[in-house]
Amino acid sequence: MAFRELVGVHLGKSERGWVSGGGCKMVQLQFGQSKELLRVLCLGAHSDDIEIGCGGTILRLLAQFRYVEVNWIVFSSGRERKAEALNSASQFLAKATRREVTIRNFPGSFFPFKGEAIKAFFERVKRQVSPDIIFTHYRHDLHQDHRVVSDFTWNTWRNHLILEYEIPKYDGDMGVPNMFIPLDEATVRTKARILMDSFKTQRTKQWFSEDTFCSLARIRGVECNSPERYAEAFYCRKATIQL
Ligand SMILES: [Zn+2]
């Protein structure tokens, strides 16, 4: 199925089925019923990756769903960045029914050379969680740590919905995502504000700025004809649709 041809996607356990896009040519898919428990697994190589890649989506899910359990795993972090990550996660996940935040200290930039240990960790997580949806890195991300996490995600969960998020960076690997979650401006600005407030060690990086996060969301909003102007975008490599 050519997801690029869709504006949005209506997934999960809903009996409501396909929903018309209100004049939009594309089909919208939704995540089940808001009264159902939604179990979410977020995976990020570094302390701010999850927030940058899918922070707005997490805020929106928690605003709309009554019961959301979130497992939030950061693979690499030093003492200072761990404190930042915990602070940020507590703000993003404030409305979660249950949240479990795990911050590991695999050495940043060396993930390809630490594959055995990281794989063993994935196997432990696999026995502990059974998520409805997994957010992870983009398979063709040009940061080597991001790719390792993405590869092990697919290697570990083989019957799950996996959405790969994007991280803007110097290397220039922005691609053409095929799945969009429309967002309103307030949510995008909240995401950017928590990022800027929480990750003070990152502020010296030229790309780490509020306008980077908001402008990318605006472009993705354009690409999916978002009624709220903004969106986060993902790569969905495979999904089944129950008719
Ligand atoms: Zn990263």
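Arg 229 sits in the loop between α6 and β9. In this predicted model, Arg 229 has a positive phi of about 80°, although it is not a glycine. With 15 C-beta neighbours inside 10 Å, Arg 229 counts as partly exposed. Asn 225 also lies in the loop between α6 and β9. Its phi is positive too, near 55°, and Asn 225 is not a glycine either. Asn 225 has 16 other C-beta atoms within 10 Å, so it is partly exposed.

**The whole chain**

Now step back from the loop. The chain holds 6 helices and 9 strands. Of its 243 residues, 40% are buried. Take the contacts with a separation of 6 or more: 70% of them join residues 24 or more positions apart.

**The sheet**

Which strand order does the open sheet have? The order of its 7 strands is β5-β4-β3-β6-β7-β9-β8, and the pairing is mixed. The edge strands are β5 and β8, each pairing on one side only. On average, neighbouring strands of this sheet are turned by 25° against each other, direction ignored.

Strands of a sheet pair through backbone hydrogen bonds, either parallel or antiparallel. Both senses occur in this sheet, as these pairs show.

| Strand pair | Sense | Bridges |
|---|---|---|
| β3 and β4 | parallel | 8 bridges |
| β4 and β5 | parallel | 6 bridges |
| β6 and β7 | parallel | 5 bridges |
| β7 and β9 | antiparallel | 2 bridges |

Start with β3 (residues 37–44) and β4 (residues 67–74). Val 40 has Val 70 in β4 as its bridge partner. From β3 the chain crosses through helix α1 (residues 49–64) to β4, and this β-α-β crossover is right-handed.

Next comes β5 (residues 98–103), which runs parallel to β4. Here the bridge partner of Ile 73 is Thr 102 in β5.

Strand β6 covers residues 133–137 and contains Phe 135. Is Phe 135 buried or exposed? It is buried, because 27 other C-beta atoms lie within 10 Å, and the cut-off for a buried residue is 20 or more. Which residues does Phe 135 touch? Leaving out residues up to four places away in sequence, they are Cys 42, Leu 43, Ile 50, Gly 53, Cys 54, Leu 163 and Tyr 165. Ile 50 is 85 residues from Phe 135 in sequence. In space, the two are 8.0 Å apart, C-alpha to C-alpha.

Strand β7 spans residues 161–165. In β7, 4 of the 5 residues are buried, so the strand is largely enclosed by the rest of the structure. The chain passes from β6 through helix α4 (residues 144–156) to β7, in a β-α-β crossover that is right-handed. β7 also pairs with β9. There, Tyr 165 stands opposite Phe 234 in β9.

**Helix α5**

Helix α5 covers residues 185–198. Does its length fit, or differ from, what a helix should span? Its 14 residues, at 1.5 Å a residue, should span 20 Å; the end C-alpha atoms are 20 Å apart, which agrees.

Which residues of α5 are buried? They are Thr 187, Val 188, Lys 191, Ala 192, Leu 195 and Ser 198. Seen down the axis of α5, these buried residues fall within an arc of 145°, so they line one face of the helix. An α-helix has 3.6 residues a turn, so residues three or four places apart point the same way.

What do the buried residues of α5 pack against? They pack against α1, α2, β8 (179–183), α6 (210–223) and β9 (230–235). The face turned away from the buried side of α5 carries the exposed residues Ala 186 and Asp 197.

Key
Residues are numbered from 1 along each chain as its sequence is written. This is a predicted model: local features need pLDDT of at least 70, side-chain atom pairs count only at pLDDT 80 or more; totals for chains, interfaces and linings use all residues. A residue is buried if 20 or more other C-beta atoms lie within 10 Å of its own, exposed if 12 or fewer, and partly exposed in between; C-beta atoms are placed from the backbone. Two residues are in contact if their C-beta atoms, placed from the backbone, lie within 7 Å. Two strands pair if DSSP finds at least two bridges between them. A crossover is right-handed if, with the strands pointing away from the viewer, the path from the first strand over the helix to the second runs clockwise. The expected span of a helix is 1.5 Å times one less than its number of residues. The arc is that of the directions from the helix axis to the C-beta atoms. Axes are lines fitted to C-alpha atoms, for helices over the stretch in contact, and angles run from 0 to 180 degrees between N-to-C directions.
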